[in-house]
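Hi,

Here is the structure for your files. My notes follow below it.

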Amino acid sequence: FRNQFAPGLVLTRGQKRCLILLPLDEFRRMYEHLRQAPVTSKQARDYMRVFLSGASDEKPDKQGRISIPAALREYADLNRDVAVIGTGSRVEIWDAVAWDTYLENQEQGYAQTAEQIFPDLSF
């Protein structure tokens, strides 16, 4: 992701109290998709408010580091150790303990989902 983030990125709230880092083009794609949601949809309005109100434009320094605004650190309860994970088109930042707990709770469902999504493959 370092090359994708070099020109800039958007950092915002994710689900389950994590943060998401999006390359600018991915953020724009998501934003355009959100803009097309009907304004009469309470769910769409609520999602857009939470997603966009936490959005922060960031530019990595020469070593690829970014600063996380205090409000977003508080939202994700980031105090000391963090887990940084790639999730396809974005990166998520979790409090390390919260990530370990989440991952532990998802293990059983993960195995079952794999069987449903990839019935002909064995892992």
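How many aromatic pairs does a search of the whole structure find? The search finds 7 aromatic pairs. (Rings of Phe, Tyr and Trp, the last by its six-membered ring, pair if their centres lie within 6.5 Å; planes under 30 degrees apart count as stacked, over 60 as edge-to-face and the rest as tilted.)

One of them is Phe27 with Phe51, which is stacked. The centres are 5.9 Å apart, with 20° between the planes. Phe27 sits in helix α2 (residues 24–35) and Phe51 in helix α3 (residues 42–53), so this pair ties together parts 24 residues apart in sequence. Helices (H or I, at least four residues) and strands (E, at least two) are DSSP runs, numbered from the N terminus.

A note on provenance: this is a predicted model, where local features need pLDDT of at least 70, side-chain atom pairs count only at pLDDT 80 or more, and totals for chains, interfaces and linings use all residues. Residues are numbered from 1 along each chain as its sequence is written, and side-chain values use heavy atoms, with hydrogens and water left out.

Phe27 is buried at 14% relative accessibility, and Phe51 is buried at 2%. (Buried is under 20% relative accessible area, exposed over 50%, partly exposed in between; 1.4 Å probe, protein chains only.) Ring pairs link Phe27, Tyr31, Tyr47 and Phe51 into a cluster.

Then Gly8. It lies in the loop between α1 (2–5) and β1 (9–13). Gly8 is buried, at 3% relative accessible area. Gly8 and Asp61 are 53 residues apart in sequence, but 9.9 Å apart in space, C-alpha to C-alpha.

Best wishes
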